[in-house]
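Subject: Structure for you to look at

Hello,

Here is the structure I said I would pass on. Please open it next to this message and follow along.

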Amino acid sequence: MTDPMTTPADPALESAADDASELIEQSNSEASLSRTIARSDEIEADLPVHPERYRMLTGDRPTGFLHLGHYFGSLANRVRMQDLGVETYVLIADYQVIYDRDGVGDLQNNVLNAVIDYLATGIDPQRTTIFAHSALPGLNQLLLPFLSLVTDSELRRNPTVKDELAGSTRPMSGLMLTFPVHQAADILFCKANIVPVGKDQVPHIEQTRLVARRFDERYGRVNPDEPVFPQPAALLSAAPAILGLDGTKMSKSKGNVIELRMSADETAALLKKAKTDSDRHITYDPTGRPEVSNLVLLTALCSGRTPEEVAAEIGDGGGGGLKKAATEAINGHLEPIRARRRELEQNLDHVRQVIRDGNERAAAVADQTLSEVRQAMQMVY
Ligand code: TRP
């Protein structure tokens with residue numbers, strides 16, 4: 001089967017078709033986001049009822065240490081899914097480290113620390129497969145057929161790639177241009193049908209759905225009743241976004257993040273420098289008072305209360321009272337996680353074994369999928 005919109009014979013036609021689909025895409029993007037949200041809500045409601053219907057994959061670029069934003073934004077949710085009985089995969093996207101920089105940096109250390117953070121926050125390696133995508137030849141080989149399913153202009157209009165094109169002084173690498181397709185391979189190698197991500201990653205999920213659909217249209221099936229690849233759904237986190245301690249977007253280079261691996265004293269020192277405002281009466285008002293509200297929110301999340309309760313309790317305690325409450329709550333909540341981290345840091349052989357076992361399990365799954373791809377594509381000789 002061919003798709004006339006995506007396989008025009010003439011290059012001029014191709015760009016006309018691309019422009020047209022871009023226009024359609026722009027006018028539909030809001031509708032498409034609300035469809036994504038609706039799908040996500042529906043699945044979220046079904047998860048506790050039918051966990052066996054789902055396979056979850058998500059992951060991180062190992063470019064630094066995991067922090068409270070990761071923890072409340074995604075780590076806690078992964079543990080929740082694992083504990084619901086969903087089959088879970090957690091990917092360390094080590095090839096994604098090199099798409100926008102010149103070297104691998106402190107990769108070894110970052111990867112081991114990511115595994116430590118996962119284990120310390122409750123990921124159980126018996127139930128969840130933790131792996132690095134560089135270790136899966138079968139996953140990486142999916143990139144070749146998948147690249148045949150996307151156009152250059154689709155890649156260039158991916159928001160992450162577009163930002164790079166617009167904002168970076170370094171020339172865009174071939175990997176940067178094609179990494180959304182590699183990310184599709186991350187998701188599809190294990191036929192994941194749910195991918196918990198932030199809103200910024202939704203275009204990657206859309207790209208992945210497109211790859212899955214086009215694979216079915218162009219290369220067909222092994223089992224006539226079922227496409228080789230499912231079209232995965234994004235699961236959008238219900239967790240409110242957490243800002244850095246200065247009220248701006250979290251970024252390691254701005255020194256505004258609390259990392260899971262920091263000590264209680266380092267955490268207290270960072271919180272002391274956190275930005276607040278001059279109104280001594282503490283309220284929860286994320287739009288009007290973003291810095292204060294962010295600290296109220298963190299305190300609430302770490303102490304199992306609502307932000308309104310926390311704000312009322314601090315009352316006229318001012319920035320000082322708020323920081324004291326935040327420090328106690330955050331350090332209290334992280335203490336058992338940090339204790340477990342310290343144990344794991346002393347046992348790096350175990351940490352390495354976890355990722356090796358995960359790599360082995362995931363590689364077998366990738367090989368199985370690649371063999372179906374070969375069959376569908378008549379490449380079995
Ligand atoms: N790009 C993601 C990020 O920057 C990390 C990632 C890589 C990922 N592959 C993935 C996330 C597959 C979800 C699914 O955070």
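The model is predicted, so please read each value as computed from a prediction.

Domains

The protein chain is divided into two parts: domain 1 (11-239 + 348-376) and domain 2 (252-345). Between the C-alpha centres of domain 1 and domain 2 there are 31 Å. Where the domains meet, 16 residues of domain 1 are in contact with 17 residues of domain 2.

In soluble globular proteins, nonpolar side chains tend to be buried together. In this model the largest nonpolar core has 61 residues, and Leu68, Tyr118, Ile194 and Ile330 have the most contacts inside it. Helix H3 (residues 107-120) gives the most to this core, nine residues. The core draws on both parts of the chain, with at least three residues from each of domain 1 and domain 2.

What does leucine 68 touch, if residues up to four places away in sequence are not counted? The list is Gly73, Ile242, Ile258, Leu260, Leu298, Ile330 and Leu334.

Helix H3

H3 has 14 residues, which at 1.5 Å a residue should span 20 Å; the end C-alpha atoms of H3 are 20 Å apart, so the two agree. H3 is mostly covered, with twelve of its 14 residues buried. The buried residues include Leu107, Val111, Ile116 and Tyr118, and also Asn110, Asn113 and Asp117. What covers the buried residues of H3? The cover includes strand S1, helix H2 (68-84), strand S2 (87-92), strand S3, helix H12 and helix H13. After H3 comes glycine 122, whose phi is positive, near 115°.

Helix H12

Helix H12 (residues 318-345) has 28 residues and should span 40 Å at 1.5 Å a residue; its end C-alpha atoms are 38 Å apart, which agrees. Where in H12 is the kink? A kink of about 45° lies at glutamate 335, shortly before proline 336.

Two buried leucines in loops

Leucine 47 is in the loop between helix H1 (11-46) and strand S1 (55-60). Is leucine 47 buried or exposed? Its relative accessibility is 0%, so leucine 47 counts as buried. Leaving aside neighbours within four places in sequence, leucine 47 is in contact with Tyr54, Met81, Leu84, Val86, Ile194 and Leu235. Ile194 was named above as one of the residues with the most contacts inside the largest core. Leucine 47 and arginine 127 are 80 residues apart along the chain, and their C-alpha atoms are separated by 17 Å.

Leucine 136 sits in the loop between strand S3 (128-132) and helix H4 (137-147). Leucine 136 also counts as buried, because its relative accessibility is 0%. Not counting residues up to four places away in sequence, leucine 136 touches Phe131, Phe189, Asn359, Ala362, Ala363 and Ala366. Phenylalanine 189 is 53 residues from leucine 136 along the chain, and the C-alpha atoms of the two are separated by 9.5 Å.

Cysteines

A disulfide is a covalent bond between the sulfur atoms of two cysteines. How many disulfides does a search of the whole structure find? The search finds zero. Cysteine 190 has a relative accessibility of 1% and therefore counts as buried. Cysteine 302, at 9% relative accessibility, counts as buried too.

Lysine 191 is a residue other than glycine with a positive phi, near 55°. Lysine 191 lies in the loop between helix H7 (174-188) and strand S4 (194-197). With a relative accessible area of 23%, lysine 191 is partly exposed.

Glutamine 378 is likewise a residue other than glycine, and its phi is positive, near 55°. Glutamine 378 is placed in the segment after helix H13 (348-376). Is glutamine 378 buried or exposed? The relative accessible area is 69%, so glutamine 378 is exposed.

Regards

Conventions
Residues numbered from 1 in each chain as written. Predicted model: local features only at pLDDT ≥ 70, side-chain atom pairs only at ≥ 80, totals over all residues. Heavy atoms only, no water. Core = buried A, V, L, I, M, F, W, Y, C linked by side-chain atoms within 4.5 Å. Buried < 20%, exposed > 50% of the residue type's maximum accessible area, 1.4 Å probe, protein only. Helix = DSSP H or I, 4+ residues; strand = E, 2+ residues; numbered from the N terminus. Domains from an automatic or database assignment. Contact = heavy atoms within 4.5 Å. Expected span 1.5 Å × (residues − 1). Bend = angle between axes of the 7 residues up to and from the residue. Disulfide = S-S within 2.5 Å.
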